[in-house]
Amino acid sequence: MTRTAFFWDEKCFWHAGGNYAFTLPIGGLVQPLAAGGLPENPETKRRLKNLMDVTGLIRALDAQTADPVTTEDLLRVHPKAFLDEFRTLSDAGGGEVGLRTPFARGGYELATLSAGLAKSALFSVLSGAARNAYALSRPPGHHCLPDFPNGFCLLANIAIAARAAIAERRAERIAVLDWDVHHGNGTEAIFINDPDVLTISLHQEHNYPVDTGDADVMGEGAGEGANINIPLPPGAGHTTYLNAIDQIAIPALRRFRPDVIIVACGFDAAAIDPLSRMLATADTFRQMTRRIRATAEDLCDGKLLLVHEGGYSEVYVPFCGHAVLEELSDSAITAPDPFAEVFAARQPNARLQAVYDEMLDELRGHFLVS
Ligand SMILES: [Zn+2]
């Protein structure tokens, strides 16, 4: 029987950036932090892997690493001039291309490895070698534009993997569901004209980027209708996330009938994430995974891959990730959420929930989902 595959690599935890305090460059009135650096640091991901080691969940999975993506893979998404600039700076000791995407010496190779984890995970799902898979990619990818890395994302991991699968005729139609709390602007831009890749992004409206992710961006040209944005106001919690999945994302997936579903899996909609103002919990991520897994089983023989994106609470991301991997693998090995009671108590009250429900109804009407 095939198992859930878990793609990770210690080297991805070694990707390092420059001098920031939170997202502000140090200097002027911005004092360096003692702990240093961007919120996108290795600890959230490493601690997820550590928790899986401690509970033993890792042993229930087919854990493996992967080769970096090839230049041919990269060129299906990123222009050569950008790749040359990135590689030259990386070889010369590191630096920054784009916005909030610093890297150290060798950052280029680490970014190609991170994309390689996503690609190999996708190929192993498509070949049937894995029942489903999780790629603990770092640096993340969903903000990266073809020639402009931004939002901690140096290469467009999921887009590179998806294009490789289509180019090698392992899949014809791919759906990307992005539940990272930030808009999947890179994935949207790359596939905006492409009718064969459905992109759905569920995000806090105008968080990052502040000027993308509106619901009226629905694709262009041949890709018209193949992009869905579900912007949610701050404070949305467990119920609103599940309603958005049930009422908009799943009907869209059913209409599209993909060969595989890829989830851009950020954990930054969680209640104590420093980069958002939402109220999702570990159980929210568990329930979303359960629903999307069931949808994949209905539509595409269970072919499902989750690729790690954001999530900045060092304490909470491990519990959210563990819940997702339990769901993917049907494992009975659990890591109970220590915050479950507190975060349940903090959910929107009935009066506020009615406002979120009304907003989702409007969005549903917008996408003509019945
Ligand atoms: Zn994010």
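Is E168 buried, exposed or partly exposed? E168 is partly exposed, since its relative accessible area is 36%, where buried means under 20% relative accessible area, exposed over 50%, and partly exposed in between (1.4 Å probe, protein chains only).

1. Basis of the note. The model is predicted, so that local features need pLDDT of at least 70 and side-chain atom pairs count only at pLDDT 80 or more, while totals for chains, interfaces and linings use all residues. Residues are numbered from 1 along each chain as its sequence is written, and side-chain values use heavy atoms, with hydrogens and water left out.

2. H182 sits in the loop between β8 (174-178) and α6 (185-190), and D268 in the loop between β11 (260-265) and α8 (282-300), so the pair ties together parts that are 86 residues apart in sequence; here helices (H or I, at least four residues) and strands (E, at least two) are DSSP runs, numbered from the N terminus. Both H182 and D268 are buried.

3. Cysteines. The structure holds zero disulfides, a disulfide being a pair of cysteine sulfur atoms within 2.5 Å. C144 is in no disulfide, and the nearest cysteine sulfur, that of C153, is 6.8 Å away; C144 counts as buried, at 0% relative accessibility. C300 is likewise in no disulfide, with the nearest cysteine sulfur, that of C265, 17 Å away, and C300 counts as buried at 5% relative accessibility.

4. Helix α8. The 19 residues of α8 should span 27 Å at 1.5 Å a residue, and the end C-alpha atoms are 26 Å apart, which agrees; the expected span is 1.5 Å times one less than the number of residues. Just after α8, D301 takes a positive phi of about 55 degrees.

5. Salt bridges. The structure holds 22 salt bridges, each being a side-chain nitrogen of Lys or Arg within 4 Å of a carboxyl oxygen of Asp or Glu. One of them joins R170 and E168 (3.3 Å, N to O), and R170 counts as partly exposed at 42% relative accessibility. Another joins D330 and R293 (2.9 Å, N to O), and this pair links distant parts of the chain, with D330 in the loop between α9 (317-329) and α10 (340-345) and R293 in helix α8, 37 residues apart. D330 is exposed, with a relative accessible area of 51%, whereas R293 is buried, with 11%.

6. Helix α11. D361 forms a salt bridge with R364, the closest N and O atoms being 2.6 Å apart. D361 and R364 are three residues apart in helix α11 (residues 350-366), and are therefore separated by about one helical turn.
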